[in-house]
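Here is a short tour of one protein chain. Have a look at the structure below, and then we can walk through it together.

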Amino acid sequence: MSITLTRFLIEQQREANALPPELRLLIETVARACKTICHSVSKGALGEVLGSLDSENVQGEVQKKLDVIANELLLDANEWGGHLAAMASEEMETIHRIPNRYPKGEYLLLFDPIDGSSNIDVDLSVGTIFSVLKAPEECSGREVTEQDFLQPGTQQVAAGYAIYGPQTLLVLTIGTGVFEFTLDREIGSWRMTDGPMQMPQGNAEFAINMARRRQWSPGIARYIEERIKGTEGQLGKDYNMRWTASMVADVHRVLKRGGIFLYPADSRYADKAKLRLMYEANPMSFLIEQAGGAASTGHARIMDVKPTGLHQRVGVVLGDKAEVETVVAYGQEG
Ligand code: P6P
């Protein structure tokens, strides 16, 4: 019988000494909130949760109803427990401090409440991505600021995602490997179904939005065109392509069967990229590296990037180490 998330976390706390009680409480709280989000997502039109609002988020993206529902669920679930100093979300311009009526904790939680939300109305997989940092020591004596969140990805103490698809999964790392849990809907518990996960290397599969071809650098164009040519070009194998427009679904596929995911620098955006560093690229990079892969901006390790803004965007090339190294090498050749 597979073990539950609670037992896994208690054993990690006991054996690996990698899990302070407050961090265990935080992860369990996020996992419980993801069960509630799953319930809303799976209701679809019956729950009147589909469609968009008239509002835009800080990214200038039209908000889906579920973006706001999931954001509120994560804020409500986490603000009273005493484990957090503050939260940040893709859906909120500024940080969310813990109200004075609740005790403050030592962790910072960042999340994209519903990633891939353009897929919701057409019943394709979406997910929740989260990242956990420690608040700087001095935060206990003052108000938390946005600056306190601007830590490189190497400072993450936990990261993970929930994916709401044919199954509902929670994939998590606290730095001791990557573990997958499947939601047992009959009893409402997360049960371990994979892990420690090591992503397969050598899978000839790439994920990129080909419609962005004119925004790519010469190095990215060369890398992709080589893979499209396959054995008719210089390569000894033919490649397949997948693109779900949901980072969680694409990254989960890369974790489970290998390959590479690319959302490279993109001239349409002021900071030349689409995906967000703090609550998309960093948590996914932590997971991918823990599973034996690599995660680069196309020029540098993502988790080494020193953040300059809460909603900063960054190029993302992650997955199979050899493939990521080839992309970086082509980028250096220009
Ligand atoms: P495009 C979803 O909006 C997202 O942030 C990621 O989940 C996904 O990988 C990417 O954007 C899809 O972008 O340009 O293909 O719609």
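About 2,900 Å² is buried between domain 1 and domain 2, with 61% of it on carbon and sulfur atoms. On the domain 1 side, Ile129, Leu150 and Tyr161 lose the most area to domain 2, together 20% of what that side buries. Please keep in mind that this is a predicted model.

The domain assignment places domain 1 at 5–196 and domain 2 at 205–333, and their C-alpha centres are 24 Å apart. Contacts link 50 residues of domain 1 with 32 residues of domain 2. The interface of these domains also holds 3 salt bridges.

## The annotated binding site

Which residues does the UniProt annotation "binding site" cover? In this unreviewed entry, they are Glu90, Asp112 and Ile114. They span 25 residues in sequence, but no two of their C-alpha atoms are more than 9.0 Å apart, so they gather at one spot. Glu90, Asp112 and Ile114 also belong to the lining of the largest pocket.

## A closer look at strand β5

Asp112 sits in strand β5, which runs over residues 107–115, and Ile114 is in strand β5 too. Is Asp112 buried or exposed? Asp112 is buried, because its relative accessible area of 0% falls under 20%. Ile114 is likewise buried, at 1%.

Beyond four places in sequence, Asp112 touches Glu90, Gly127, Thr128, Ile129, Tyr279 and Glu280.

Notes:
Residues numbered from 1 in each chain as written. Predicted model: local features only at pLDDT ≥ 70, side-chain atom pairs only at ≥ 80, totals over all residues. Heavy atoms only, no water. UniProt positions renumbered as here; feature names shortened; annotations may be inferred. 1 Å grid on protein atoms, 1.4 Å probe; cavity = no way out; pocket = protein on both sides within 12 Å on 5 of 7 lines; lining within 4 Å. Helix = DSSP H or I, 4+ residues; strand = E, 2+ residues; numbered from the N terminus. Buried < 20%, exposed > 50% of the residue type's maximum accessible area, 1.4 Å probe, protein only. Contact = heavy atoms within 4.5 Å. Domains from an automatic or database assignment. Buried area = accessible area lost by both parts, 1.4 Å probe. Salt bridge = Lys/Arg side-chain N within 4 Å of Asp/Glu carboxyl O.
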